[in-house]
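Please look at the sequence and the model below before reading on.

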Amino acid sequence: MNGATVSASPRDEVLEELWTSGEAGRPLDLERLSHTIHAGPGEGWDEVVRDLVREGAIEEAGGVLRLSEAGAA
């Protein structure tokens, strides 16, 4: 994470939103995620999304975000 420590709250919020959207069959892209997430941009959620993609917890294809098998576990 580029040496920065990000709190668990934005990370948990991103994972929860992606879990909920996946269960509902509603794909989320970054723009939609920004409208549904409760953690504000000041909390670093956009950085968290990038970190989760790098870690393999989130997959991004064509701008659509979804939990990977590892992220859903």
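What follows describes a serine in a helix and then the salt bridges.

This is a predicted model, in which local features need pLDDT of at least 70 and side-chain atom pairs count only at pLDDT 80 or more, while totals for chains, interfaces and linings use all residues. Residues are numbered from 1 along each chain as its sequence is written, and side-chain values use heavy atoms, with hydrogens and water left out.

Begin with Ser 21, which is placed in helix 1, residues 8–24. Helices here are DSSP runs of H or I with at least four residues, numbered from the N terminus. Ser 21 has a relative accessible area of 2% and is therefore buried. The word buried means under 20% relative accessible area, exposed means over 50%, and partly exposed lies in between, with a 1.4 Å probe and protein chains only. From Ser 21, the side chain reaches the backbone oxygen of Leu 18 at 3.1 Å. Apart from neighbours within four places in sequence, Ser 21 is in contact (heavy atoms within 4.5 Å) with Arg 26 and Leu 28.

Now turn to the charged side chains. Side chains of opposite charge can pair when their charged atoms come close. A salt bridge is counted when a side-chain nitrogen of Lys or Arg is within 4 Å of a carboxyl oxygen of Asp or Glu. How many salt bridges does the structure hold? There are 4 salt bridges.

One of them joins the side chains of Arg 11 and Glu 55, at 2.8 Å from N to O. Arg 11 lies in helix 1 and Glu 55 in helix 3 (residues 45–55), so this pair ties together parts that are 44 residues apart in sequence. Arg 11 is partly exposed, at 28% relative accessibility, and Glu 55 is also partly exposed, at 46%.

Another salt bridge links Arg 50 with Glu 47, whose closest N and O atoms are 3.1 Å apart. Both residues belong to helix 3 and are 3 residues apart, so about one helical turn separates them. Arg 50 has 42% relative accessibility and counts as partly exposed, and Glu 47, with 22%, is partly exposed too.

In a further salt bridge, the side chains of Arg 54 and Asp 51 meet at 2.2 Å, N to O. Arg 54 and Asp 51 are 3 residues apart in helix 3, and therefore about one helical turn lies between them.

Notes
Helices (H or I, at least four residues) and strands (E, at least two) are DSSP runs, numbered from the N terminus. A polar contact is a pair of N or O atoms within 3.5 Å; within protein, one must be able to donate a hydrogen and the other to accept it, and residues adjacent in sequence count only if both atoms are side-chain atoms.
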